[in-house]
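Please look at the sequence and the structure below before reading on.

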Amino acid sequence: MILNGNAIKYGDNIDTDVIIPARYLNTSDPGELAAHCMEDIDKDFPAKCKPGDVMIGGLNFGCGSSREHAPIAIKAAGISCVIAKTFARIFFRNAINIGLPILECAEAAADIDEGDALRVDLSAGSIENVTKGKVYTAAPFPEFMQKIIASGGLVAYTKSRG
Amino acid sequence: MAMTMTQKILARGAALDSVTAGQLIKVKLDLVLGNDITSPVAIKEFEKISVTNVFDKTKIALVPDHFTPNKDIKSAQQCKAVRDFAHKHDIENYFEVGQMGIEHALLPEKGLVVSGDVVIGADSHTCTYGALGAFSTGVGSTDMAVGMATGECWFKVPEAIRVELVGKPGKWVSGKDVILHLIGLIGVDGALYQSLEFAGEGLAALSMDDRFTIANMAIEAGAKNGIFPVDDKTISYIEAHSKKPYTVFEPDADAQYVKTVTIDLSKLRPTVSFPHLPSNARTIDEVGDIKIDQVVIGSCTNGRIEDLRIAADILNGRRVASHIRTIVIPATQKIYLQAMEEGLLKIFIDAGCAVSTPTCGPCLGGHMGILAAGERCVATTNRNFIGRMGDVKSEVYLASPAVAAASAIAGKIASPEAFDIA
């Protein structure tokens, strides 16, 4: 799958409380969650995020609470993929489980600037920075996780295996 | 192949003779947990899977503890969805308001977790039960849904960091100071994808409540789990609370660790983590003059009876500063009752504290103590991220119950040593 979008960049240790503050967790409606995504560090995010845009994070992206509302909010806001240096483990699981594409690539996360045009080939794990004319490669997922991703998430994967 | 304690528990759960770090395995679950925030999402996902029943109605725990007693209409709807699901599937361990407590204090107290168990919970602080010698870890709602349907979960077998504890802590140093110090040493991603395996002769000086607090915050170092060896204290606790059979696992003597971190408990000082990361740890001697507006004593980290006893010891016969709101939240009904019978609640109320029914409430900025812009809180909770307890411009300082109680009296961050009358 090929994804095209512009980079929206944040720093290290982006926690799930800033991705979606707990005061909005009295709902699990993706649209409502998306409207408040990132608001405690970037009020403009819902307005500036265009469908297909790619979120860039630093180290330990998605640390903190296990709330699946965090990847749900990011996905519903229109983000097609999150690229970070490293992901916190619960966020990593949740993103794969709900079918939000993520890539771990320290070089890309460091080099990409806000607004850079990106072309991401998920199956190859390659990230092309169209603005800078560079290509970065992310480590491929183990086969088992690729199957979950290809099924569209853990529920679909579990269902398909009866 | 030599295994860590965590690896041994996972190997048994996967019905394998041995496992190695990095291996992907499917493990049978002894307990699946959810709360009023994460369960509604899990229930929706569960209903998409073509199964009629949960895998085992005795091995699921549903605890509405975050926005309860229902803080608003939307929260009431979410709790109703959990309640309806619990009734429909005849879930044995559903805890309604009135019997409910903060999940990670409640489950051990109810004997639902014992050593050797494999537990997942749709709450990041599920790692608390590592104090009992169980493998327990936080997951999201979809993992919870699949866990409820199949009784299984996939894991990547983690490597481990060995945390060697030596010496005996001083009077006002507790489990909270140990874990804040450790997170300060290794960072908020210092144990990412790894286990924190505690060891050493210093363990003997730590109570079960200390160990619950330490294991509880393993996630704040990015760890998959934190786990303690099983000793006489663990066995006494388990036998006093549970009828479940338990299995004691020990790490192999030649188990491989990524590294060993040694902490001399006798050298630890009361520790405070400054905004906005739990790793911003400073000793009480380094805090300077930080005026505060609120104190919260409670949460899954520090709402247990020992925590309340320590706070009461300092607040006894004293008053909290006139401009400070001090909120004390016993973590379970049993702890609440015990605190009442021991006279702790009277001490708190006489000192000018508000005492609340069990709830996660303020810890995650839900209700029962939200901060305004510019306000500062000393809290015995577990996270001090931006906006965690309220306004984006508010600040949370993480500390032990002793530091929190002393700070409530002083009106600024203070050492419990200032109130030492012994």
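K48(A) is partly exposed, with a relative accessible area of 29%, where buried means under 20% relative accessible area, exposed means over 50% and partly exposed lies in between, for a 1.4 Å probe and protein chains only. This is a predicted model, in which local features need pLDDT of at least 70, side-chain atom pairs count only at pLDDT 80 or more, and totals for chains, interfaces and linings use all residues. Residues are numbered from 1 along each chain as its sequence is written, chains are lettered from A and ligands numbered from 1 in the order in which they are written, and side-chain values use heavy atoms, with hydrogens and water left out.

**Salt bridges in chain A**

- The side chain of K48(A) meets that of D42(A) in a salt bridge of 2.8 Å, N to O, a salt bridge being a side-chain nitrogen of Lys or Arg within 4 Å of a carboxyl oxygen of Asp or Glu.
- D42(A) is buried, with a relative accessible area of 9%.
- A salt bridge also joins K132(A) and D113(A), whose closest N and O atoms are 2.5 Å apart.
- K132(A) is partly exposed at 31% relative accessible area, and D113(A) is partly exposed at 38%.

**Chain B and the overall count**

- In chain B, R162(B) and E164(B) form a salt bridge with their closest N and O atoms 2.7 Å apart, and R162(B) is partly exposed, with a relative accessible area of 24%.
- A network of salt bridges links D17(A), R67(A) and R388(B).
- Over all chains, the count comes to 31 salt bridges.
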